[in-house]
Amino acid sequence: MNIPVSSSQPAPDAEPSFEHKFLFARCHRAVVEGLLNSYLNSDPGFGAGRISSIYYDTPALDLYHEKRASTYLKDKIRVRWYGDPAASTSSEVPCWLELKSKVGGTRQKKRLPLNLPAEVLTKKDLTSPIL
């Protein structure tokens with residue numbers, strides 16, 4: 001099956017990013033969220049709403065086991081889309097095919113824009129050949 005690739009949004013060359021994680025007690029969640037909301041602005045291209053992903057792996061779950069066995073090396077392959085495809089007025093939904101890699105604290109994400117049929121994304125059956 002031919003999957004149409006969107007030409008309206010070119011995939012940017014991904015620059016490596018660095019990840020820092022911070023732990024805090026659950027009882028401080030409201031304070032931390034308040035601080036973040038007062039200093040950070042929402043990205044207008046990605047407003048609040050539904051984010052859906054389908055993650056891919058080998059039959060032996062190699063990527064899953066890689067993640068469980070190491071905090072140093074991690075790879076993820078997924079299709080991601082924003083919003084509710086059932087509410088779309090179009091028969092196709094803009095999606096991203098993403099490869100995320102992490103080596104130590106350095107992350108890199110490569111994205112390829114593509115369009116998938118809304119009817120496939122609204123079904124709970126993930127056996128469609130297009131997926």
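A residue is classed as buried under 20% relative accessible area, as exposed over 50%, and as partly exposed in between (1.4 Å probe, protein chains only). The structure described here is a predicted model, in which local features need pLDDT of at least 70 and side-chain atom pairs count only at pLDDT 80 or more, while totals for chains, interfaces and linings use all residues. Residues are numbered from 1 along each chain as its sequence is written, and side-chain values use heavy atoms, with hydrogens and water left out.

The protein has 131 residues, of which 20% count as buried. Its accessible surface comes to about 10,200 Å², with 57% belonging to carbon and sulfur atoms; such areas come from the Shrake-Rupley method with a 1.4 Å probe, and for residues only the protein chains shown count as cover. The secondary structure consists of 3 helices and 5 strands. Helices (H or I, at least four residues) and strands (E, at least two) are DSSP runs, numbered from the N terminus. From that end, the order of elements is β-α-β-α-β-β-β-α. Contact means heavy atoms within 4.5 Å. Among contacts between residues at least 6 apart in sequence, 54% join residues at least 24 apart.

The 5 strands form an open sheet with antiparallel pairing, in the order β1-β5-β4-β3-β2. Two strands are taken as paired if DSSP finds at least two bridges between them. Strands β1 (17-18) and β2 (51-56) stand at the edges with a single partner strand each, so one side of each has no neighbour in the sheet. Strand β2 runs antiparallel to β3 (residues 73-82), and 6 bridges join the two. Within this pairing, the bridge partner of Y55 in β3 is R78. Helix α2 (residues 62-69) packs on the sheet and touches β2 and β3, and its direction makes about 125 degrees with that of β3. Axes are lines fitted to C-alpha atoms, for helices over the stretch in contact, and angles run from 0 to 180 degrees between N-to-C directions.

L61 is found in the loop between β2 and α2. Its phi is near 60 degrees, a positive value in a residue other than glycine. With a relative accessibility of 41%, L61 counts as partly exposed.

A nonpolar core is a set of buried Ala, Val, Leu, Ile, Met, Phe, Trp, Tyr and Cys residues joined through side-chain atoms within 4.5 Å. The largest such core has 12 residues, among them I54, V79, W81, C95, L114 and L116. At least two residues of this core come from each of β3, β4 (92-103), β5 (106-117) and α3 (118-122). Helix α3 supplies the largest share, 3 residues.

P94 lies in strand β4 and counts as exposed, at 54% relative accessibility. With residues up to four places away in sequence left out, P94 touches W81, L114 and N115. The C-alpha atoms of P94 and R80 are separated by 9.0 Å, and these residues are 14 residues apart along the chain. K123 is found in the segment after α3 and is also exposed, with a relative accessible area of 53%. Although K123 and A86 are 37 residues apart along the chain, their C-alpha atoms are separated by 9.6 Å.
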